Amino acid sequence: MAERRMLKKSFFYTDRYFKLSAESQLLYIHLVLNADDDGFVDNPCLICRITAATEDDLRSLIENGYLISFDSGIVVIKHWRMHNTVQKDRYKETVYKKEKSSLCVDSDGIYFMAENSMDTDCIQEPEILDPQVRLGKDSIVKVSIGEVSSGKEKEEKSLSLSLAREEKSADKRAYGEFKNVMLSEEEYLKLKKDYSCADRVITELSDYMRSKGAEYQDHYATLRIWCRDKRRDKASDKGSSPPVKTVKPEEEEDEFLKMAATQRQRRLKEGICGQQPRAIT
């Protein structure tokens, strides 16, 4: 295990992190320092005692999405790959391969639990990690100042966006047949208020995402677009052809009788008017 660990400054200077207690903040830093090269820590309770933290402080880090815990008592730093990368020649894979096989890594390098621990797509094999910039007596690194600052800005921006997305999705609930449509309660109620077909469209989106493996950046915005399209199609169908008036059989019979009576009266009147006056004898 490496003796040097990196901590991203922009990761800590967020309102979300500073809402944690001082003990939880200190505990997180010590857990990062004591993690192996894949971010796993097998003695979190001992580190709690070293830092004078409590189990509640450790639980707070888990509930707020900074750690992932396992039944074995081991924890993993959720944002480990944002903080640290290790050179291939110094990388030593974790011994906790069972716990590692149940994890997946998203595009931002954040660990998350796989829905199915036997999902082969999420089993992590030892990989070649990008070299970590080391400034010490045993290495000399020549990097231009422009490259360092530009790379740092990109990393900090990516981290900020990732944390913002994670914080935004923390208060959302899963909807749909496959529980893969994420909406906050406010978004769901607003959708129900604006569109009568909201529940049906949510189910359709859930089915489509599951069957096609599709992903959407904002499920609420996508649902509003789908609902508007359905409303537009429904209005178009109504305007395409004039409504057909249906006549009941009894109404049709009454109309026929009225027409017959009118014709009979007209013929009778014509007959009376056409008669010659009779001579009186």
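Tutor: Contact here means that heavy atoms lie within 4.5 Å. By that rule, 66% of the contacts in the chain with a separation of 6 or more are between residues 24 or more positions apart. The model is predicted, and its chain has 281 residues, of which 33% are buried. The chain contains 12 helices and seven strands.

The helix to look at is H3, residues 22-33, which packs with helix H5, residues 55-63. Two packed helices are described by the angle between their axes and the distance between the axes. For H3 and H5 the angle is about 75° and the axes are 9 Å apart. Angles of 65 to 115 degrees count as roughly perpendicular, so H3 is roughly perpendicular to H5. On the H3 side, the residues in contact are Glu23, Ser24, Leu27, Tyr28 and Leu31. They meet Asp57, Leu58, Ser60 and Leu61 in H5. The residues of this contact divide into five nonpolar, two polar and two charged.

H3 also lies across the strands E1, E2 and E3, and runs at about 90° to E3. These three strands form an open sheet in the order E1-E3-E2, with antiparallel pairing. Strand E1 (40-41) and strand E2 (67-69) are the edge strands, each pairing on one side only. Strands of a sheet pair through backbone hydrogen bonds, either parallel or antiparallel. E2 is joined to E3 (residues 75-77) by three bridges. Serine 69 has valine 75 in E3 as its bridge partner.

Methods:
Residues numbered from 1 in each chain as written. Predicted model: local features only at pLDDT ≥ 70, side-chain atom pairs only at ≥ 80, totals over all residues. Heavy atoms only, no water. Axes fitted to C-alpha atoms, helices over the stretch in contact; angles between N-to-C directions. Helix = DSSP H or I, 4+ residues; strand = E, 2+ residues; numbered from the N terminus. Parallel < 35°, antiparallel > 145°, perpendicular 65-115°, else oblique. Nonpolar A, V, L, I, M, F, W, Y, C, P; charged D, E, K, R; others polar. Buried < 20%, exposed > 50% of the residue type's maximum accessible area, 1.4 Å probe, protein only. Pairing = 2+ DSSP bridges.
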